[in-house]
Amino acid sequence: MIIKTPHGDIQTPVFMPVGTNATVKSLSPEDLESIGAQIILANNYHLFLRPGSENIQKMGGIHKFMNWDKPILTDSGGFQIWSLGMKYDENGINFRDFVTGQKHFWTPEDAIKSQIQIGADIIMPLDICTRTDNYAEAKYMTDLTHKWLSRCKDYLRSNQVTNNKSLFGIIQGAMFKDLRRQSAQFVVDLDLPGIALGGEMLENNSVNRIPEIMDWIRDILPPDKPVYAMGIGLHPSEFKTVVAAGVDMFDCVAPTRLARNGALYCSDSPTERIDISKAIYALDENPIDKKCDCPTCKSYSRAYLHHLFKCKELLFYRLASMHNLRVMIRQVIR
Ligand SMILES: [Zn+2]
């Protein structure tokens, strides 16, 4: 499937590197190009707080600001606010700046307004992450997510920005089949350009529950719209099943976070990764993974990476992140 955006086409299935603060940690846009990244993610909550969505708009929008002219998706920030602890009511979410402690309140419209100011190509609605096994609670959260999604769509339409902004709908419903089906139907009926799966399967970044949820809702989903599984992708091998289940888009912080901690994906290892800090790599002339086509594996040995990691050299973070991301980007298309 091809997803069209004002900053170019995206060929799916696609893995999207996470650049929370308008930067994929330790990598330049040129580095991202070199590993085949088609689209990156940024985070509405973090950018709203710093440098401020309005300031990004004043600087010509996020693409110009960070020098990345390919597509960008912003997450609404609902998940970050949820995971940092927040209070919500029918009208929106109370949250705090995790650095200064300053209080803020967002309506669904505020979350969209901020993403428009940032200037992303694909934007996400404010939602409530249904990670609960209580049916009544899951139903309340799912219904509220639906109300907020309608408000987000109306806000876009009333501000006439529907032409260059793709708003995706998010299916919630925890692990309750009837709620997931109701949620899928609600989102599909709104006729938005893309459909996301949120909630339960975010647990440990695991993809385990996704094929099951996709089986529940597949007959409802339109074949011509991308399905985005939010925030998952820890082990490269997991993608085969999820792509086969019909998911087109993925993002996860795991590849870059693992990389910075010295955990490098390696197809020969039973755990799918090696711990480069181990002494056995001190004199290892091999690349991280002989089958990898990334710039790091082309030019650098495990011994050198082991040395850089031990010395906490900044180059390590860049080389390691390029490798882990390239593995994920390649993995979803093979
Ligand atoms: Zn590599």
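The model is predicted, so local features need pLDDT of at least 70, side-chain atom pairs count only at pLDDT 80 or more, and totals for chains, interfaces and linings use all residues. Residues are numbered from 1 along each chain as its sequence is written, and side-chain values use heavy atoms, with hydrogens and water left out.

Start with the sheet. Strands of a sheet pair through backbone hydrogen bonds, either parallel or antiparallel. Here eight strands form an open sheet with parallel pairing, in the order E3-E13-E12-E11-E10-E9-E5-E4. Strand E3 (14–16) and strand E4 (40–43) stand at the edges with a single partner strand each, so one side of each has no neighbour in the sheet. Strands (E, at least two residues) and helices (H or I, at least four) are DSSP runs, numbered from the N terminus. Two strands pair if DSSP finds at least two bridges between them.

Now follow E5. E4 and E5 pair in the parallel sense over four bridges, and Leu41 stands opposite Leu73 in E5. E5 also pairs with E9, in the parallel sense, over two bridges. There, Thr74 has Ile123 of E9 as its bridge partner. Both faces of E5 are covered. Ile72 and Thr74 on one side are buried, and so are Leu73 and Asp75 on the other. Buried means under 20% relative accessible area, exposed over 50%, and partly exposed in between (1.4 Å probe, protein chains only).

Move on to E10. Strand E9 (residues 122–123) pairs with strand E10 (residues 166–171) in the parallel sense over two bridges. Helix H6 (residues 108–118) packs on the sheet and touches E5, E9 and E10. Contact means heavy atoms within 4.5 Å.

Next, a pair of helices. Two packed helices are described by the angle between their axes and the distance between the axes. The axes of helix H8 (residues 177–189) and H9 come within 9 Å and cross at roughly 60 degrees. Axes are lines fitted to C-alpha atoms, for helices over the stretch in contact, and angles run from 0 to 180 degrees between N-to-C directions. H8 contributes Lys177, Arg180, Arg181 and Ala184 to the contact, and H9 contributes Ile213, Trp216 and Ile217.

Finish at Arg302, in helix H13 (residues 302–310). Is Arg302 buried or exposed? At 13% relative accessibility, Arg302 counts as buried. Its side chain joins that of Asp284 in a polar contact of 3.1 Å. A polar contact is a pair of N or O atoms within 3.5 Å; within protein, one must be able to donate a hydrogen and the other to accept it, and residues adjacent in sequence count only if both atoms are side-chain atoms.
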